[in-house]
Amino acid sequence: MGQQMYGYVRVSTKEQNEDRQLIAMREFGVPEGNILIEKQSGKDFDRPKYQRLLKRLKPGDTLVIKSIDRLGRNYDEILEQWRIITKKKDAAIVVLDMPLLDTRQGRDLTGTLIADIVLQLLSYVAQTEREFIRQRQAEGIAAAKARGVHMGRPVKNIPDDFEQLVTLWEKKKISLEQILQECGMSKATFYRRLRENRILKRK
């Protein structure tokens, strides 16, 4: 069995469509049976199909991906996976969205060097962009809180007759299910409100 070409397709959630990546793989000439599709987050690399593909890669094989972020979600992960595939496995990588990122055999030293530099630059830009988005989200949440906008689940109000209902429940006149229904609360919320109420009464 000679050198093989594999395609790795990843979509972040089950709702996302992998067609765009699949079409690109077929157009590039990746054999249908060698395309692996993973419907999981890139948050970590405990991805069964990706791990299986890594084990299958032999020196001289080629891994084709649509874009560099298919390898990982942060700068360190992308570089680490690139190192494993190109150095440890001695396989080539082709990134379809970025022709400069092509390390197939036969390319000269300059081509490989350019690929490594472009990869590091792209990974850095992707990481910086994500951090910027997170910062903007944090600033947005802080600004909303400053305006008095409540973030998260709405706080359930305690009914006016909460104390009377609690007394009846403690005297076993009504069941826990009845009090939860009356208050419109879950068991966890009820016990939390009970604790909070008693702390307030003690103050």
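The following legends describe close-up views of a predicted model. Local features require pLDDT of at least 70 and side-chain atom pairs pLDDT 80 or more, whereas totals for chains, interfaces and linings use all residues. Residues are numbered from 1 along each chain as its sequence is written, and side-chain values use heavy atoms, with hydrogens and water left out.

**View A. The open sheet contains 4 strands in the order 2-1-3-4 with parallel pairing.** Strands (E, at least two residues) and helices (H or I, at least four) are DSSP runs numbered from the N terminus; two strands pair if DSSP finds at least two bridges between them. Strand 2 (35–39) and strand 4 (92–95) are at the edges with a single partner strand each, so one side of each lacks a neighbour in the sheet. Strand 3 (residues 62–65) pairs with strand 4 over 4 bridges, and Ile 65 has Val 95 as its bridge partner in strand 4.

**View B. An aromatic cluster links Phe 162, Trp 169, Phe 190 and Tyr 191 through ring pairs.** Rings of Phe, Tyr and Trp (its six-membered ring) pair if their centres lie within 6.5 Å; planes under 30 degrees apart are stacked, over 60 edge-to-face and the rest tilted. The whole structure holds 5 aromatic pairs. Among them, Trp 169 and Phe 190 are edge-to-face, at 5.2 Å centre to centre and 85 degrees between the planes. Trp 169 lies in helix 5 (residues 162–170) and Phe 190 in helix 7 (residues 187–202), so this pair ties together parts 21 residues apart in sequence.

**View C. The charged end of Arg 47 sits over the ring of Tyr 50, 4.7 Å from its centre.** This term requires NZ of Lys or CZ of Arg within 6 Å of the ring centre and within 35 degrees of the ring normal.
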